[in-house]
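Read each question, look, then check the answer.

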Amino acid sequence: MRITHVLAPAPVGGLERVVQGLATAQRNAGNDVEVLAVLPKGEPDAGPFLTPLRRYGVGVHTINLPARAYRAERQAIFDHCAAHRPAVVHTHGAHVDVVAADAGRAVGAAMVTTMHGITGGDWRNRGYEWLQVRACARRDAVVAVARQLATRLIDAGIPPERLHVVRNAWQPDGDRDPLGREEARRRLGLDPNAFIAGWVGRMSPEKGLDVLVEALPAVDAPPLDASGYDGRRPVGVAIIGDGAERGRLQARAAALAIGGPRVDWLGHVPDAARLLRAFDVLVLSSRSEGTPMTLLEAMAAEVPVVATRVGGVPDVVGDDEALLVPPDEPAVLAAAIRSVRDDRATARRRARAALLRLRRDGDPTLWAARYRYVYEAALETANARRAVRT
């Protein structure tokens, strides 16, 4: 099957890692797969996103246009589909979901989109998501990456008969295996002897970094029991990522610094997934999620996880594999982090169970097969639509 994935990639993010993994898994399954990346004018290549695709034999094409050149962008995507004639055009992200709404239909392709999440946020973001849902309601198939997200999409107007739930999977990459703890800490410049709670993501309201910041004063509290934790061992928090809220959050963390753990603001870190073993625990403090790729990467690296019970997170890990807490409760989040610090043996057992569950449920071959089923259903819908018109 000839498949064209279309997206406007950010420098780094879960959506981009999903497309990398899915396109690679589909290529390994014998499909003819290409990725069409819409990039700003003057940015000739999105290296960190496109290089792994090229390495695994996925076709890569780019469109470079000025910002807000929507009509030209739409035409360029149409022209690409006319030249390459894919069976399926698969879009990702609000931007191309709207701009490329029916780009493949003129050449008989089925139109599929994956909804990676609904974040809400300010009026502009909510407006984009409203347009996205309206555009996706006309797709031949829509994929939600979590059951909770599927419910929201049906409520928003996506036809349930065209909606499929396919959770994200993890595509292993032998060239990018996780580094060991010591090397990962050296690269990040972290204290080799400290207990480090790590956070990775985009600094925006739905990711809930502010909840972790508010939890800081309680993270370094005395041990909960006498299970072997050395009370003199330093505690640190390492934050990987960037975003519009960074300045405000750094100021708030500084105000809370007295008596709390040291906080390292590391910014954007290339190949952050390889460095997760630098952390004694990965913290996901989100208010809203689809199926977070950082969670899957932490499971693959066998890093203990504390996560909020939101979106697709409970579909991926349960209480045997992670400590799950409610969102927007800093005190509960801090207590869970301390629990990992004070009972390392139990935390390691959960991390091992999480790795085994990932290997069982997150197999990329099954992932590609599930999308193959979605594509076949989309092609049937597209063929029925054309038959009605003729």
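A salt bridge is a side-chain nitrogen of Lys or Arg within 4 Å of a carboxyl oxygen of Asp or Glu. This is a predicted model, in which local features need pLDDT of at least 70, side-chain atom pairs count only at pLDDT 80 or more, and totals for chains, interfaces and linings use all residues. Residues are numbered from 1 along each chain as its sequence is written, and side-chain values use heavy atoms, with hydrogens and water left out.

Q: How far apart are the closest N and O atoms of Glu321 and Arg357?
A: Glu321 is in the loop between helix 11 (313–316) and strand 13, while Arg357 is in helix 13, 36 residues away. Helices (H or I, at least four residues) and strands (E, at least two) are DSSP runs, numbered from the N terminus. The two residues form a salt bridge, and their closest N and O atoms are apart by 3.1 Å.

Q: Is Glu321 buried or exposed?
A: Buried means under 20% relative accessible area, exposed over 50%, and partly exposed in between (1.4 Å probe, protein chains only). Glu321 has a relative accessible area of 12%, so Glu321 is buried.

Q: How many residues apart in sequence are the parts that Arg287 and Asp328 tie together?
A: The side chains of Arg287 and Asp328 meet in a salt bridge of 2.9 Å, N to O. Arg287 lies in the loop between strand 11 (281–284) and helix 10 (293–300), and Asp328 in the loop between strand 13 (323–325) and helix 12, so the parts they tie together are apart in sequence by 41 residues.

Q: How many salt bridges does a search of the whole structure find?
A: One of them pairs Arg341 with Asp342, the closest N and O atoms being 2.6 Å apart. Salt bridges that share partners also join Arg181, Arg185, Asp280 and Arg344 into one network. A search of the whole structure finds 26.

Q: Are helix 12 and helix 13 roughly parallel or roughly perpendicular?
A: Axes are lines fitted to C-alpha atoms, for helices over the stretch in contact, and angles run from 0 to 180 degrees between N-to-C directions. Angles under 35 degrees count as roughly parallel, over 145 as roughly antiparallel, 65 to 115 as roughly perpendicular and the rest as oblique. Helix 12 (residues 330–342) and helix 13 (residues 344–361) pack at about 100°, with axes 5 Å apart. The two helices are therefore roughly perpendicular.

Q: Which residues in helix 13 does helix 12 meet?
A: Contact means heavy atoms within 4.5 Å. From helix 12 come Val340, Arg341 and Asp342; they meet, in helix 13, Arg344, Ala347 and Arg350.

Q: Which side chain makes a polar contact of 2.6 Å with Thr91?
A: A polar contact is a pair of N or O atoms within 3.5 Å; within protein, one must be able to donate a hydrogen and the other to accept it, and residues adjacent in sequence count only if both atoms are side-chain atoms. Thr91 lies in strand 4 (residues 88–92) and is buried at 0% relative accessible area. Its side chain makes a polar contact of 3.0 Å with that of Arg139. The 2.6 Å partner is Asp97.

Q: What is the phi of Arg85?
A: Most residues other than glycine have a negative phi. Arg85 lies in the loop between helix 3 (70–84) and strand 4. Arg85 is not a glycine, yet its phi is positive, at about 50°.
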